[in-house]
Amino acid sequence: MSRTFSGKSIATALGALLLISACAPQQAGPAALDPSAPVSIEIWHYYNGPQKLAFDELVTRFNETVGQEQGIVVEAFGQGNVNELFQNIHDAVDNKVGASEVPAVFAAYTDTVYDLDQRNMVAAFDSYFTKEELSEYVDAYITEGRFDDAGSLKIIPTAKATEILMVNKTDWDRFAVETGAQIALLNTIEGLVEASKAYYLWTDAQTPHVLDDGKAMFGRDAIANYIILGYHQLTGGSLFDRQNGKVTFEPDEAAFRQLWDNYYIPYINGWFGAYGRFRSDDAKTGDIIALVGSTSGAYYFPDKVTLADDTTYPIEAVVFPAPCFAGCTPSAIQQGAGMALIASDPRTELAAATFLKWFTDVDRAIDFTISSAYLPVKKTANDMGRIGVDEGYQALPSTVQEAIAVSVYVMNTYELYFEQAFCGFSDAREVIESSLAARAEADREQVLTLAEDGMPLSEAVAKFATDESFQSWYQAFVDEIRAKIGEN
């Protein structure tokens with residue numbers, strides 16, 4: 001389904017609102033909605049595929065019911081991916097040539113909203129939601145939306161996610177039968193590394209006439225999540241220290257060494273891999289058989305593998321919580337954008353808040369969960385006893401069913417963690433996302449080049465798996481983060 005209302009359909013909707021104004025209830029208060037003077041709300045989002053279809057369907061349902069009753073017409077516009085959405089928002093706010101008008105509401109992460117809030121562009125939701133209404137949401141989701149000095153609520157959670165481990169069980173079972181590998185290894189990051197090394201050696205042994213052609217078992221979509229959450233698991237704290245409004249970066253080097261040893265070392269050995277745009281792309285081609293990605297990515301995990309020679313075979317998938325470091329408190333990344341409100345006039349803001357209340361209500365939230373694999377944002381909706389009996393859920397592919405069930409379990413039982421936004425966090429996160437991954441990829445290429453030139457692969461790896469290699473990356477990483485947050 002494409003954009004819900006545009007052109008002639010907008011005029012038709014507004015006309016219908018005018019016709020029912022005589023019998024529609026009027027809302028009291030200084031910013032009352034009035035069906036005889038409808039308010040049009042434009043929402044920008046980054047949903048694509050099943051998520052976009054689900055969101056558009058709910059927008060249509062709202063416009064045909066509550067929207068007509070209260071005088072609100074919602075238009076929803078996809079802006080591409082997350083980065084494109086955020087760029088378009090900044091272009092609109094900056095009045096760049098060719099940019100669209102600023103929307104009333106946009107899907108956003110805290111770092112983007114923080115930047116706009118510093119320019120007084122964002123309205124608070126507190127006056128549009130009662131304390132009782134806010135208490136219905138998962139506490140951690142509301143906390144994430146309160147990041148300014150006053151603790152105002154600048155983001156309403158609408159669709160959240162965490163990370164899950166998705167495994168090609170068909171190929172795992174072949175590996176496990178022949179090697180005795182236990183699926184329980186995948187409960188911890190250290191066990192995941194051990195299993196990935198064993199898988200590489202096993203696949204290498206399939207072609208004894210060709211040396212060192214083993215395959216990677218595992219890949220990650222978001223390296224920043226691995227570092228942010230992994231650091232918290234290992235230290236119990238945050239990457240950044242916040243004292244009296246000042247943010248500093250004084251990391252624990254030992255924790256970063258563990259992060260390095262459990263990503264960089266497996267990567268340069270070929271036990272981990274990243275080849276396509278997303279790790280689900282790599283799973284489709286059989287280049288990896290396990291990945292950690294977002295809950296909402298379950299729709300893209302393949303049901304078959306297509307090899308380089310176009311040979312295909314069906315696979316069964318299995319889903320687990322994302323592994324944690326051994327001995328640490330089980331914790332999970334809290335992610336997924338909420339909705340932010342551009343400061344405008346009270347009626348527009350009230351109309352936007354009215355839609356968001358409706359959208360996040362338990363029944364609609366479950367509908368959106370089933371259609372998108374995002375998670376509900378209210379406490380009572382995160383209940384498989386309610387979700388699992390829904391006919392829509394029962395009709396989902398089994399991988400998506402498992403992804404939702406595992407994610408709901410994680411959200412209800414794990415510690416949820418996120419890094420609170422601050423000035424410069426967006427730039428710092430880009431470094432966190434790219435630095436380790438880029439170093440690992442570049443050094444893996446050098447390892448392969450040395451091996452092609454005749455050096456045994458183990459010797460080539462040993463040239464990079466050194467204390468000096470870690471120190472050179474770590475010091476550069478720390479300096480770059482400090483520069484991004486203005487500490488240097």
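## Helix α9

In this predicted model, the buried residues of α9 are Ile189, Gly191, Leu192, Val193, Ala195, Ser196, Tyr199, Tyr200, Trp202, Thr203 and Asp204. Buried means under 20% relative accessible area with a 1.4 Å probe, protein chains only. These residues pack against α8 (169-179), β7 (218-220), α10 (223-235), α12 (264-269) and α20 (457-462).

Helices are DSSP runs of H or I, at least four residues; strands are runs of E, at least two.

## Helix α14

Twelve of the 15 residues of α14 are buried, so this helix is largely enclosed by the rest of the structure. Among them are Glu349, Leu350, Phe355, Trp358 and Phe359. At the start of α14, a side-chain oxygen of aspartate 345 comes to within 3.2 Å of the backbone nitrogen of arginine 347.

## α2 against α14

Helix α2 (residues 50-64) packs on helix α14 (residues 346-360) at about 115°, with the axes 11 Å apart. Axes are lines fitted to C-alpha atoms over the stretch in contact, and angles run from 0 to 180 degrees between N-to-C directions.

α2 contributes Phe55, Leu58, Val59, Arg61 and Phe62; α14 contributes Thr354, Phe355, Trp358 and Phe359. Contact means heavy atoms within 4.5 Å.

## Basis

Residues are numbered from 1 along each chain, and side-chain values use heavy atoms, without hydrogens or water. Local features need pLDDT of at least 70, side-chain atom pairs count only at pLDDT 80 or more, and totals for chains, interfaces and linings use all residues.

Note on methods: Buried < 20%, exposed > 50% of the residue type's maximum accessible area, 1.4 Å probe, protein only. Polar contact = N/O pair within 3.5 Å; in protein donor to acceptor, adjacent residues only side chain to side chain.
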